[in-house]
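Hi there,

Here is the structure I promised to pass on.

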Amino acid sequence: MRILKAGFSGQFKIVRKGDDTMARMFNIHGICKAHAHYMVDLTPRLLEIKKMIDAGAYFTINRARQYGKTTVLRALTGYLQKDYVVVSLDFQRMSSADFENESAFVHALAREVSRRVRILEQVPEKIKQELYQMADYANQGVRMAEMFDCFCAWCSQTQQPVVLLVDEADTATNNQVFVDFLAQLRAAYLERDVMSSFQSVILASVYDIRSVKRKLHPDGEHRENSPWNIAAKFRVDMEFSVSDIKGMLAQYEADHHTGMDLGMISALLFDYTAGYPYLVSWLCKCMDEDLQAAWTKDGFLEAVKMLLEDQNPLFASLISKINEFEELNGVIVRLLFQGQSIAYNADDVAVQNAIMFGFVKISHSTVQIANRIFESRLYNWYLLGYQEQNSEIYAQGVRQKNQFFTDGFFNVRLVLEKFVEAFHDLYGEKNRTFLEDEGRRYFMLFLKPIINCVGNCSVEPRTRNNERMDLVIDYHGERSIIEMKIWRGNAYHERGEKQLSDYLDYFHLKKSYMLSFNFNKKKEIGVKEVVLGDKLLIEAVV
């Protein structure tokens, strides 16, 4: 692929080998546009949102960073234009000074609305003039009530109903004037039977505006306020389904004829990302632009490895939220390392924040890490941080990592043997609580420098619990499963072997591995082989 600069305009033309026409690309920066980017079909989502607008709903679109909110709002603006006057605002255009007091906020808001409506023929000239006057900073002491009187007059005079869209609404949270703005919108909504108002108001943000904190006075305490309790529940799925991804890839395949297996690649993308839009687009962009023979399973796994090593705004945002909200750390550690099942509780603030920021999802009334990419990235972050306090086992993995690969073969059995030796030497006298809480984490710490540069390692979500956690390792297309298990007696152990045999059938494998943390003082430490029918289990005991 070549990139040519097109003269003084600053535009860039993308030219691929054998192709002199402008080509679409996968986009991970800013708004996606159908003429320039490969996109999923947003029409079904826009139709569902329009139904809410037709019904007169006021609502919020709360999703984590880079979830496609702005792209959807931009597409929605065009989708609604036949039936509505659409005023689309972005609060990121307003500075902190615009929220200092009521007059400053009204000036700034009038300025932004005026900028949007100046070319709309449906807006009466008198309304435009009133907005211009309110935007003029020479008019001192302008009040929010005057602006809403103007909105009311506008809505009563226009032939088409008016819809207000506000993106990045959480930019204004914790400002009293924004709370007042929400309160005015609420009052207008409740009085729509006697006074004209917006047909619908949509606020898009990460933070849930319904629980915005009210600032009592400068540098003072904050209390919860609910000026947006009129908001209807937003039930439209924003994540990409397998079908969505397949449709997007079909567009790409029609242009490039790679011969990819659309079904397989789409399923892999969904399996690793759970349809998180930014992650799907990042992996597709990587396979398109950075890899040779990319649209294969091996190419996909290489793209996953590159993503996990990438420094991007989404991952930076996740880590910053862990540092900012202490309660998130407890939720994530319980899910990642302790294998605890967390029942969903709508009143659990830590869980609600984890959902809001995109760390977790709710499935069958339990809390789960949102997707395999986040899980792997979080494992890496926690393990590297953990390394500072527990460098001995990590250092063992670093020192021994080169001996586990021979002629393209990854010797998992040898990994287990060396871990058993290292763990017994370093921590053999530790108590049962230590093994339950730390054992699996220590094995992952030992494994990380070994697998880090040559393959991918992830945790199988269906097996994560207090007793069992399965690591799935992909190395050059070869998949190995290591089951990490807490010893609960012989009968329980035998049932586990049967479960593992069934599990191997699911993955079409004949060999698997088990790492057992055994509390029996008479345990036999080491590695042995167990034949399960036509399958082989290699078990290590510590």
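Below are my notes on some helix pairs and on the cavities.

Please keep in mind that this is a predicted model, in which local features need pLDDT of at least 70 and side-chain atom pairs count only at pLDDT 80 or more, while totals for chains, interfaces and linings use all residues. Residues are numbered from 1 along each chain as its sequence is written, and side-chain values use heavy atoms, with hydrogens and water left out.

Helix pairs

Two packed helices are described by the angle between their axes and the distance between the axes. Helices here are DSSP runs (H or I, at least four residues), numbered from the N terminus. Their axes are lines fitted to C-alpha atoms over the stretch in contact, with angles from 0 to 180 degrees between N-to-C directions.

Let's begin with α4 (residues 125-135) and α5 (residues 144-157), whose axes come within 10 Å and cross at roughly 165°. The two are therefore roughly antiparallel (over 145 degrees). In contact (heavy atoms within 4.5 Å), Ile127, Glu130, Leu131 and Met134 of α4 meet Glu146, Met147, Cys150, Phe151, Ala153, Trp154 and Gln157 of α5. By class, that makes eight nonpolar, one polar and two charged residues, where Ala, Val, Leu, Ile, Met, Phe, Trp, Tyr, Cys and Pro count as nonpolar, Asp, Glu, Lys and Arg as charged, and the others, Gly among them, as polar.

Next come α7 (residues 242-256) and α8 (residues 262-273), packed at about 130° with axes 9 Å apart. From α7, the contact takes in Val242, Ile245, Lys246, Leu249, Ala250 and Glu253; from α8, Leu262, Gly263, Ile265, Ser266, Ala267, Leu269 and Phe270. Nine of these residues are nonpolar, two polar and two charged.

Further along, α15 (residues 391-400) packs against α16 (residues 412-427) at about 145°, with the axes 10 Å apart. Glu392, Ile393, Gln396 and Gln400 of α15 touch Lys418, Phe419, Ala422, Phe423, Leu426 and Tyr427 of α16.

Cavities

A cavity is a set of points on a 1 Å grid over the protein atoms alone where a 1.4 Å probe fits but cannot get out. There are three cavities of 30 Å³ or more.

Best wishes

How values were computed:
Angles under 35 degrees count as roughly parallel, over 145 as roughly antiparallel, 65 to 115 as roughly perpendicular and the rest as oblique. On a 1 Å grid over the protein atoms alone, a cavity is a set of points where a 1.4 Å probe fits but cannot get out, and a pocket is an open set with protein on both sides within 12 Å along at least five of seven lines; lining residues have an atom within 4 Å of a point. Grid points are joined across faces, edges and corners, and a volume is the space filled by probe spheres set on the points.
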